Amino acid sequence: MAFFRKKAPAFEAIQWRGDNLEEVKKFVGPVAFEMPSETPDGLPMTLAIRQHGSFFEVVKDEWIYKSGDGFSTKSDESIKNNHEEIQP
């Protein structure tokens, strides 16, 4: 008998840290906007990304990844628990 694990495809992602708007814009394009809420240390808490005519919110420390013809997000916990970083 043999056991197998499904291999997850590799994907490219960037983490929203609250201080890296320019890096995020390089990744998603000029469709990312800081939101007015702030963390206790004064950094933007959320980011909005325009996609397919609407916006979705990215909370500080979430990862933004390319998904099909757009972008999606994963929590930092999900990335750490379910994925390993690889070299491109």
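## The open sheet

In this predicted model, three strands form an open sheet in the order β1-β5-β6. Their pairing is antiparallel. In general, strands of a sheet pair through backbone hydrogen bonds, in either the parallel or the antiparallel sense.

The edges belong to β1 (13–15) and β6 (70–74). Each has a single partner strand, so one side of each is left without a neighbour in the sheet. From one strand to the next, the twist averages 30 degrees.

## The β5 and β6 pair

Strand β5 covers residues 63–67. Five bridges join β5 to β6, in the antiparallel sense. Tyr-65 has Ser-72 of β6 as its bridge partner.

## A helix on the sheet

Helix α1 packs on the sheet. α1 touches β1, β5 and β6. The direction of α1 makes about 10 degrees with that of β5.

## The nonpolar core

Nonpolar side chains tend to be buried together in soluble globular proteins. Here, the largest nonpolar core holds 14 residues. Val-24, Val-28, Ala-32, Leu-47, Ile-49, Val-58 and Ile-64 touch the most other members. The largest share, four residues, comes from α1.

## Around Val-58

Which residues is Val-58 in contact with, leaving aside its neighbours within four places in sequence? They are Trp-16, Met-45, Thr-46, Leu-47, Ile-49, Ile-64 and Thr-73. Leu-47, Ile-49 and Ile-64 are also among the core residues that touch the most other members.

Definitions and conventions. Residues numbered from 1 in each chain as written. Predicted model: local features only at pLDDT ≥ 70, side-chain atom pairs only at ≥ 80, totals over all residues. Heavy atoms only, no water. Core = buried A, V, L, I, M, F, W, Y, C linked by side-chain atoms within 4.5 Å. Buried < 20%, exposed > 50% of the residue type's maximum accessible area, 1.4 Å probe, protein only. Helix = DSSP H or I, 4+ residues; strand = E, 2+ residues; numbered from the N terminus. Contact = heavy atoms within 4.5 Å. Pairing = 2+ DSSP bridges. Axes fitted to C-alpha atoms, helices over the stretch in contact; angles between N-to-C directions.
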